[in-house]
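Subject: Structure handover

Hello,

I am passing on the structure we talked about, with some notes on what turned up in it. Please read the notes with the model open beside you.

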Amino acid sequence: MTVSPWSRPDAEPAPPELRLAFSHGPVVTLERPVLVGRAPEGQQGVDSQLVAVPSPKQDISRTHCEIRVDGEDVLVTDLRSTNGTIVSRPGQVPHRLHPGEGTSASVGSRIDLGDGIVIVVES
């Protein structure tokens, strides 16, 4: 076997690309932190992707939650939303996050923001 001088046989394989599939249609690649809400606002100087979701009943907060890569998993943090965030990991009981609380989510997890908006973590 010939090894190219540019390849590194000892290098760790890249982690799988993670995506967020939104129930209202969009699919977002999780390359940087994603802020989700009915009118999300990022912090100045922080490179975040903003994803606005419909909320006819106003159940979803303006900036409801943050979703980011955490190793091979995903970290979901409720940003002190009014009505909370529920994370359902495959084979586990759904977990309602307290305001400001974060939890890990794996591929197949469902993130329920309310008002019919569900986000599924995919690879």
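The notes below cover the sheet and then the salt bridges. Please keep in mind that this is a predicted model.

The sheet

Five strands make up an open sheet, and their order across it is β4-β3-β5-β6-β9. The pairing in this sheet is mixed. At the edges are β4, residues 49-52, and β9, residues 102-105, each of which pairs on one side only. On average, neighbouring strands of the sheet are turned by 25 degrees against each other, with direction ignored.

In general, the strands of a sheet pair through backbone hydrogen bonds, and they do this either parallel or antiparallel. Strands β5 (residues 65-70) and β6 (residues 73-78) run antiparallel, and six bridges join them. Within this pair, Ile67 stands opposite Val76 in β6.

The salt bridges

Side chains of opposite charge can pair when their charged atoms come close. The count of salt bridges in the model comes to five.

Arg62 has a relative accessible area of 42% and is partly exposed.

Glu66 and Arg68 also meet through their side chains in a salt bridge, at 2.9 Å from N to O. Glu66 counts as buried because its relative accessibility is 15% and the class takes in values under 20%. Arg68, at 30% relative accessibility, counts as partly exposed.

The salt bridge between Arg19 and Glu17 has its closest N and O atoms 3.9 Å apart, and the cut-off for a salt bridge is within 4 Å. Arg19 counts as partly exposed at 23% relative accessibility, and Glu17 is partly exposed as well, with a relative accessible area of 47%.

Regards

Key
Residues are numbered from 1 along each chain as its sequence is written. This is a predicted model: local features need pLDDT of at least 70, side-chain atom pairs count only at pLDDT 80 or more; totals for chains, interfaces and linings use all residues. Side-chain values use heavy atoms; hydrogens and water are left out. Two strands pair if DSSP finds at least two bridges between them. Helices (H or I, at least four residues) and strands (E, at least two) are DSSP runs, numbered from the N terminus. Axes are lines fitted to C-alpha atoms, for helices over the stretch in contact, and angles run from 0 to 180 degrees between N-to-C directions. Buried means under 20% relative accessible area, exposed over 50%, partly exposed in between (1.4 Å probe, protein chains only).
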